[in-house]
Amino acid sequence: MRRLPLLAVASAATALVLAACSGSPAPDPSSPSDAASGGSTASDGTDAPTQAGGTLVYASGDAEPTCLDPHVGGNYPQALISTQYLEPLVGRAADGTTTPWLATDWTVSEDGLTWDFTLAERTFTDGTPFDAAAVKANIEHLQDPDTGSSTGYLAVEKVTEVEVVDDRHARFHLSEPDAALLESLAQQWTAMQSPTGLARGMEENCLAPAGTGPFVVTGWTPQQQVDLVANPDYVDATGEAAPPLLDGITWRFVPDAATRYAALVSGEVDVIDNPQPDTITAAEADASLGIEHIDNPRPGSVNRIELNSGQTPFDDIRVREAFIRSANPGPGIEALFSSTAVPSFSPLSSVEPVAVSREEQFTYDLDAANTLLDEAGWTERDADGYRTKDGARLSVRFPVSTNQSVPAEQALFQQIQANVKEAGFEVVLTPLDLGAWYAALGAHEYEAVSAPYTKVGPDVLRILYHSSGTEPAPSGYFANHAYVRDAELDALLDEASATQDAAQRADLLEQAQVRILEGYYILPLYDQQNHFLVRGVTGIDTSNPVATLSFQTASLTD
Amino acid sequence: MTTTPGPSRRALLRVAALAGRALLVVWVTATVVFLALRAAGGDPVEAVLGGPGSQAGPEAVAAARAQYGLDLPVWQQYLLQLWRVLTLDLGDSYARRTPVLDLVLSALGPTAALAVSALVLGWLLALGAAWLVSWARAVSGRLAPVGRAVVAVVRGWEVLASVLPHFWLGAVLVALFAVGLRWFPATSTPGSLAGLVLPTVTLAIPLAGFLGQLLGEGVGDAESRPFATTARARGAGPTRVFSRHTLRHAAIPTVALTGWAFGFLVSGAVVVETLFGRPGLGRLLVDSTLQRDVPVVMGAIVVIALVYVLLTVVTEAVEGLLDPRAATTGEDR
């Protein structure tokens with residue numbers, strides 16, 4: 001009997017370790033995007049006969065949502081699944097322009113403080129009409145503290161009131177101009193839900209939110225699956241009746257990447273997300289498997305290593321440049337991601353039309369790095385070969401989120417650790433689970449970090465690099481991990497946020513990116529990886545602004 | 001004047017002692033879980049607000065803290081959790097906002113199915129191996145080298161099986177039987193018997209290794225005892241000696257270990273349920289630990305601890321049946 005508590009504790013410890021090690025991508029905070037209407041479709045080009053009907057099985061490796069209403073919290077797993085049943089007000093085309101969805105038209109006042117939206121005629125799947133009062137109820141729901149919204153709340157922060165002009169017209173009043181408003185409203189995290197559904201209360205609404213989307217949630221077996229059936233009355237963004245070809249979707253949660261792939265190969269499931277780079281390569285190399293690869297990078301920020309310029313040693317731009325010049329991530333990316341990830345030289349995702357790429361700033365140059373460190377006063381070397389200054393070692397604490405960095409990315413960090421050692425940097429990589437990792441960031445216990453951030457549109461620059469992003473949210477979270485506090489950059493970002501002129505906004509954002517790159521605050525790595533493997537399905541729509549998949553036009557081929 | 005406690009009083013004392021031990025177990029586990037989750041870092045309020053890294057506004061954070069008592073001093077939060085555990089009112093999940101008891105109970109079924117099937121299969125494999133060894137030891141003459149080889153192979157298999165990590169074994173079984181032969185699905189859902197096979201085998205093989213080693217040792221020990229020699233002298237064959245005499249002797253310590261085996265299965269379930277995408281207590285523990293969903297972790301661990309207590313009582317009773325000495329003394333060994 002005396003051994004009992006020990007055993008129970010051992011199980012708890014195993015859970016802790018597994019939680020820390022499991023590679024299942026975790027919810028990442030924030031995420032905006034606009035949805036493109038009816039846009040690009042990625043379908044395999046096979047000639048296999050398609051058939052109407054059938055239930056598609058999707059296996060997700062993302063953390064299981066704790067609530068199916070993406071207003072609550074607001075993370076990527078919620079965006080993935082809610083794309084099937086909720087729709088945002090507007091969409092986003094590949095060129096970055098906003099497209100109509102539940103709002104058919106919009107105008108903004110001269111001062112940028114009043115937006116008028118004309119609404120499409122739609123009915124929520126619970127029979128409630130979609131109208132201006134529904135839009136008002138949704139924005140108020142996002143802003144209600146009891147909703148506990150994180151992402152959507154930030155997206156509509158500047159909206160002070162939604163005025164119901166009439167059934168088909170909603171007027172947004174803003175506290176200050178917001179050039180990113182349409183991009184913010186294009187995200188799943190601000191998608192429209194039935195006000196009748198919301199009125200049921202959070203507990204009930206979390207289980208089955210009602211939207212205007214192509215599918216309807218009919219059941220949720222925790223840790224296992226969510227069941228969805230086709231909405232026969234679905235009307236698409238162009239106003240055409242477009243019921244899905246599928247009968248429904250079984251949305252399963254399978255945390256282990258190898259098991260997901262095995263289930264796809266053996267035909268148990270039709271679509272998987274978050275495949276590991278080696279399985280993508282294996283699937284592409286063997287045509288007999290009949291597996292199609294969808295590479296749909298997320299919008300907003302690129303994946304990068306942020307150097308904490310708020311404290312020593314990276315408060316010195318020469319030390320930051322030396323780190324970046326000696327890191328040499330290119331060969332590692334090629335080897336570890338086997339061409340599934342392309343090196344980036346921009347603060348923004350390659351899907352953002354205004355992204356500025358500066359490859360020349362990131363070329364590997366160990367001599368330059370050594371010269372810079374000598375100039376910065378890190379002239380001595382200790383017995384282990386690391387540089388020192390006044391007896392202190394040139395040391396970089398690098399907490400790694402094991403839930404957000406896939407094994408290949410963690411291996412890449414180890415290669416960078418070895419590369420910068422040549423220049424005399426000591427990098428201390430510490431793997432942490434999500435909660436402990438955010439706690440380390442909140443306590444400023446890092447000199448380098450790689451934190452994903454999904455948001456639709458270049459406004460993500462303001463969140464990640466504006467000095468206001470160094471002020472922590474009440475939870476301790478702050479988005480500006482590089483700790484950039486640059487008045488000129490702030491001015492550029494503020495102006496870009498306030499302007500109503502698209503060309504001027506693009507120009508300001510390009511200047512801002514140059515300033516970020518030339519400040520050597522970040523080492524860009526690659527787009528936020530967002531891969532899917534598909535077998536026996538055609539007509540998958542990849543155009544959602546947050547790069548999720550929609551199965552409205554999909555059908556099974558065998 | 002001293003009196004010998006009557007049978008009913010003795011039973012009462014035993015029940016009281018049992019309840020005391022159960023309370024002690026629950027208190028220790030609840031305390032360790034509480035401390036471990038605090039030591040792990042991260043703020044539980046984030047579980048309410050969409051998980052770690054939440055950017056929720058000040059009002060939302062304040063509302064969540066107040067609602068779940070997270071604004072109280074740490075010692076009060078500890079006492080509150082303890083009180084909830086003791087009254088079995090486990091409260092609501094931070095992340096899901098549904099009663100913890102519902103979550104834990106619905107996860108308990110699939111894990112119990114998995115643990116019981118693995119325990120049965122593990123015992124069958126261990127019994128088979130022990131019988132094989134006792135048969136192989138009994139062969140003589142020209143076949144003696146074969147017998148020795150069989151013993152060596154079984155012993156080697158048991159040692160190897162007992163050290164195989166679950167995640168590795170599971171991955172190999174999936175590659176072999178789900179992707180290669182396609183006999184069984186790679187993922188497992190409750191209600192699907194075919195889906196139960198690979199997770200069960202993954203858990204049962206290392207367990208069979210442990211149980212088999214222990215059982216084999218006991219059988220070997222018993223075979224050299226006088227009662228076994230007597231039985232053989234009366235003309236009993238190896239199978240009869242095994243099934244009637246030596247197994248019974250060897251089974252006692254092995255049965256006593258079944259409580260431990262359950263612990264082994266639960267910690268294995270943490271890995272196996274995640275690997276096969278199967279709902280259950282293990283996966284609930286992983287997910288809620290990641291979320292810092294304190295009430296759910298607490299509830300799941302306490303329920304596991306209580307099942308331990310229950311199993312220990314049951315195994316003690318079974319031991320009593322197998323070994324009359326235990327029943328008369330009533331002592332813990």
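How many bridges join strand E16 (residues 302-307) of chain A to E22(A), and do the two run parallel or antiparallel?

Modeller: This is a predicted model, in which local features need pLDDT of at least 70 and side-chain atom pairs count only at pLDDT 80 or more, while totals for chains, interfaces and linings use all residues. Residues are numbered from 1 along each chain as its sequence is written, and chains are lettered from A and ligands numbered from 1, in the order in which they are written.

Now your strands. E16(A) and E22(A) are joined by 2 bridges and run antiparallel. Helices (H or I, at least four residues) and strands (E, at least two) are DSSP runs, numbered from the N terminus. Strands pair if DSSP finds at least two bridges between them. One facing couple is A:Glu306 and A:Val449, the latter in E22(A). The open sheet here has 3 strands in the order E22-E16-E23 (chain A), with antiparallel pairing. E22 (448-449) and E23 (522-527) of chain A stand at the edges, each with a single partner strand, so one side of each has no neighbour in the sheet.

Follow the chain out of E16. The loop between E16 and H10 of chain A holds A:Pro313. The peptide bond from A:Thr312 to A:Pro313 is cis, with omega near 0°. Past H10, the loop between H10 and H11 of chain A holds A:Asn328. Phi of A:Asn328 is near 50°, a positive value in a residue other than glycine. Most residues other than glycine have a negative phi, and most peptide bonds are trans. A:Asn328 is buried, with 20 other C-beta atoms within 10 Å. Buried means 20 or more such atoms within 10 Å, exposed 12 or fewer, and partly exposed in between, with C-beta atoms placed from the backbone.

The buried residues of H13(A) pack against H9 (277-285), H10 (317-327), H11 (330-337), E20 and E21 of chain A; a contact needs C-beta atoms, placed from the backbone, within 7 Å. Those buried residues are A:Ala408, A:Glu409, A:Leu412, A:Phe413, A:Ile416, A:Asn419 and A:Val420. They cover an arc of only 145° around the axis, which puts them on the same side of H13(A). The arc is that of the directions from the helix axis to the C-beta atoms. H13(A) has 15 residues and reaches 21 Å from its first C-alpha to its last, close to the 21 Å expected at 1.5 Å a residue; that expected span is 1.5 Å times one less than the number of residues.

H13 (residues 407-421) sits between two strands in the chain: E20(A), H13 and E21(A) make a right-handed β-α-β unit. Right-handed means that, with the strands pointing away from the viewer, the path from the first strand over the helix to the second runs clockwise. Strand E20 (residues 395-401) and strand E21 (residues 426-432) of chain A run parallel, joined by 7 bridges. Within that pair, A:Pro399 has A:Thr430 of E21(A) as its bridge partner.

One more loop is worth a look. A:Ala547 lies between E26 (540-541) and E27 (555-556) of chain A. Its phi is near 70°, a positive value in a residue other than glycine. A:Ala547 counts as buried, with 28 C-beta neighbours inside 10 Å.

Note on methods. Contact = placed C-beta atoms within 7 Å.
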